[in-house]
Amino acid sequence: MKWTTGLLAGMGLVLAACAQESGHGDNVQAMAFVDYMVETHEFDRAELTALMREAKLKKSILKAIKRPAEKAKPWHEYRKIFLTPQSIAGGVDFWGKNARVLAEAEKKYGVPAEIIVAIIGIETRYGGNMGGYRVLDALATLAFNYPRRSPFFTKELENFLLLTREQGMAPTELKGSYAGAMGFGQFMPSSYRAYAVDFNSDGRIDIWTDTEDAIGSVANYFREHGWKSGEPVAVLANPRPNADMTIVNESLDPKWTVGQLAEKGFPTTAQVSPDMPASVFALDTERGKQYWIGLNNFSVITRYNRSRLYAMAAYDLSQEIVKARGGRS
């Protein structure tokens, strides 16, 4: 079995290097997880127990998970992280090198090329930084040592081990972010199993080195989460003095329609259908608050990362890349 062979070989290579780091062989939660995986998915107990000993506790991961940029910075500072001359130029270059595949993905999934490019740019600088942590270490550290989100990361660890078994990959070899996200688009294991696609039909799904699969997978993710082709993402609002400010930043998902928000004092500055699902949110700019109407596609971007700042950065970067290209053609 490929997974077993890869597991044993990979473990032998890294045991000495990681000897001074704590594994999870004595962790009660990890051992309960082994029981679950053996009973539910018929994993080999001895191999999985050895793998839990090999899965290292990384204190740097626990520190990193507690300080995400979107919670620590106002919009005008957050935006500067992702919208730089380098990120825009990198997007133009990535688009140029992958124009055919991006066009094919846009045609098949209905997601604009610039959105796909911007997501990959924000996530990994167009593949330049996919993360240096072993995915096994990241997920085990967070599953068994970060109680606040232990259920989520335990489920992701389950999906990761199923994924490596299904794909014939060695679980000790794959690398990603401190949260266990992988590849060009930084898919969590559950997203990989659900949405990653073999876009070039070569018989395998590779989001680490195959830009075609990575592009198709990001596009598929957005389509499966409800992207509506041809619809706008967000439009500026010009709130009236009597606007109902209690609904600002109320939800990442559209709870109202454009027409209802206009009635509540948030008319848009662009022509959009009054029947479109919408929400209203505020961004802290250097000149004060700026109000936006987030439409369905804005909400879809937040499904990739549950943050208004992230979604707005992705949208802004996509538009800046289009401008730098001199248009979409």
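**Figure legends: overall fold and close-up views**

**View 1. Overall dimensions of the predicted model.** A compact globule of 329 residues would have a radius of gyration near 20 Å, and the protein, at 22 Å, agrees with this; the radius is taken over C-alpha atoms, and the globule rule is 2.2 Å times the number of residues to the power 0.38. This is a predicted model, in which local features need pLDDT of at least 70 and side-chain atom pairs count only at pLDDT 80 or more, while totals for chains, interfaces and linings use all residues. Residues are numbered from 1 along each chain as its sequence is written, and side-chain values use heavy atoms, with hydrogens and water left out. Along the principal axes, the C-alpha atoms fill a box of roughly 65 × 45 × 35 Å. The secondary structure comprises 16 helices and six strands (DSSP runs numbered from the N terminus: helices, H or I, of at least four residues; strands, E, of at least two).

View 2. Of the 329 residues, 53% are buried (under 20% relative accessible area; exposed is over 50%, and partly exposed lies in between, with a 1.4 Å probe and protein chains only). Among contacts with a separation of 6 or more, 70% join residues 24 or more positions apart; a contact means heavy atoms within 4.5 Å.

View 3. Helix H15 spans residues 296–304 and is mostly covered, with eight of its nine residues buried. The buried residues include Phe298, Val300, Ile301 and Tyr304. Their cover includes helices H9 (113–124), H13 (211–224) and H16 (308–325). Strands E3 (234–236), E5 (277–285) and E6 (288–295) are also among the covering elements.

**View 4. Arg193 in helix H12.** Arg193 belongs to helix H12, residues 189–195, and is partly exposed, with a relative accessible area of 35%. Not counting residues up to four places away in sequence, Arg193 touches Asn159, Leu162, Leu163 and Glu166. Ile205 is twelve residues from Arg193 along the chain, and their C-alpha atoms are separated by 9.9 Å.

View 5. The mean pLDDT of the protein is 92, and 92% of its residues reach 70 or more; pLDDT is the predictor's confidence in each residue, from 0 to 100. Over residues 1–6, pLDDT stays under 50, and the model has eleven contacts for them beyond four places in sequence. Residues 12–20 also stay under 50, with four such contacts. Where pLDDT is low, the predicted coordinates should not be read in detail.
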